[in-house]
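Welcome! Here is a short briefing to read alongside the sequence and the 3D view.

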Amino acid sequence: MKSTKWTARIGICAALIATPALADDATVTIGLILPMTGPSASTGKQERAAAELYIQQHGDAVAGKKISLIVKDDTGAADVTKRLAEELVGNDHAKILMGFGLTPLALAAAPVATAAKIPEIVSAAGTAMITEKSPYIVRTSFTLPQSAAPMAEWCLKNGIKKVVTLVTDYGPGIDAEKWFSQTFTKGGGVIAQQIRVPLKNPDFAPFLQRAKDDAPDAVFVFVPSGFGAVFMKEFVEQGLDKSGIKLIGTGDVTDDDLLPQMGDAALGVVTAHNYSAAHDSPENKAFVAAFEKANGGMRPNFMAVGAYDGMALIYQALEKTKGATDGDALIAAMKGANWTSPRGPISIDPETRDIVQTIYVRKVEKVDGQLYNVEFGSIPAVKDPYKASKP
Ligand code: DHB
């Protein structure tokens, strides 16, 4: 008798564990998949903090629906991203997926979003072609061509004639290399060498030596968010800072998360990018103050803004659909959306579902004793040049 009771109890427990959460029409579940551990953990930390701040500031109810955010750590591994996306859709009834700290992670979730017909908001990754991988992908981060091409234009106007490119060897790095080099050579510049460094455990020293040997006017660099401090340390150790070779790049290398600890070697680095914590606008001042207050003084970087705007886009879309969560209706509502972000005016291109934004040219300077990317030039309404170049 006793053993039967126990068997029955175990049976009930197993059933409770196996039963998926019941779909609840009053709640909109957003599955936020991020690398919370591993080499890209800073992206996870920044994105999560910004998404939570958005909800704290705007409330957890929109158009009569309650917003529930579920954060999952994919550790930066694409197979984990895919499994988590499937679980969020199948077990948690997520109506929207967001995050994706690296390009391969955004790509891994694309077939899941397509099959489930739900929006995949890419709020961190930057390879141009990502948005072409599912009609349900909408991007609030950036594309690498968006900042690499303007960086080349700036070089052409500022006496830089010979450049070595040094990029991390995967999607966004190859995009940055291609769009910088193509724009620069078209305007008469010379690319002395194109160097690609592995994503996993990069040792920049031998590559920087090779770059130095060419004696270029500048080294153009792309490394993903979280890798800039190691790169800068090696740049100094290999003596490039004293060699008269200028360091330029997309703004990923002088990421606001790491910049405060980079030291004076970073002074004068010129980059092109979509966001600086020093951006001078009332929206950004309020955002930075609230973010720092909520996160023990941590400075928001461009990943944080991608997630903050991802949430803004979701809230706007739900307002437009009056709370309806049908994926096609949400995507239709997101196309053409526009608002003032902490980074400046942004919109979602209705043709490509990609972000259109101002790209700023910035220089690292000290402001009140702290290193910041200080903006000194801007190009408004930049569309992704890769998609804009297609017939
Ligand atoms: C990607 C990741 C980054 O951290 C970054 O700064 C730019 C692009 C990416 O994998 O797409």
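What percentage of the 391 residues of the protein count as buried? The share is 54%, where buried means under 20% relative accessible area, exposed means over 50%, and partly exposed lies in between (1.4 Å probe, protein chains only). Please keep in mind that this is a predicted model, in which local features need pLDDT of at least 70 and side-chain atom pairs count only at pLDDT 80 or more, while totals for chains, interfaces and linings use all residues. Residues are numbered from 1 along each chain as its sequence is written, and side-chain values use heavy atoms, leaving out hydrogens and water.

**The whole protein**

- The secondary structure comes to twelve helices and 15 strands, taken as DSSP runs numbered from the N terminus (helices are H or I, at least four residues; strands are E, at least two).
- The radius of gyration is 22 Å, close to the 21 Å of the globule rule for 391 residues, so the protein is as compact as a globular protein of that length. This radius is taken over C-alpha atoms, and the rule is 2.2 Å times the number of residues to the power 0.38.
- Along its principal axes, the C-alpha trace spans about 85 × 45 × 45 Å.
- Among contacts (heavy atoms within 4.5 Å) between residues at least 6 apart in sequence, 67% join residues at least 24 apart.

- Helix H3 (residues 78-90) has 13 residues and should span 18 Å at 1.5 Å a residue, which agrees with the 18 Å between its end C-alpha atoms. The expected span is 1.5 Å times one less than the number of residues.
- Val80, Thr81, Leu84, Ala85 and Leu88 are the buried residues of H3. They fall within an arc of 135° seen down the axis of H3, so they line one face of the helix; the arc is that of the directions from the helix axis to the C-beta atoms.
- These buried residues pack against strand S1 (27-34), strand S3 (65-73), strand S4 (96-99) and helix H4 (103-116).
- His93, in the loop between H3 and S4, has a positive phi near 55° although it is not glycine. His93 is partly exposed at 27% relative accessible area.
- Phe100, in the loop between S4 and H4, also has a positive phi, near 80°. Phe100 is buried, with 0% relative accessibility.

**Salt bridges**

- The whole structure holds 16 salt bridges, each a side-chain nitrogen of Lys or Arg within 4 Å of a carboxyl oxygen of Asp or Glu.
- Arg48 and Glu52 form one of them at 3.0 Å, N to O; both lie in helix H2 (residues 41-58), four residues apart, about one turn of the helix.
- Lys366 and Asp264 form another, with the closest N and O atoms 2.9 Å apart. Lys366 is in strand S14 (residues 355-367) and Asp264 in the loop between strand S10 (246-250) and strand S11 (270-273), so the pair ties together parts that are 102 residues apart in sequence.
- Lys387 pairs with Asp384 at 3.0 Å between the closest N and O atoms. Lys387 is buried at 11% relative accessibility, and Asp384 is buried at 3%.
- A network of salt bridges links Arg139, Asp354, Asp384 and Lys387.
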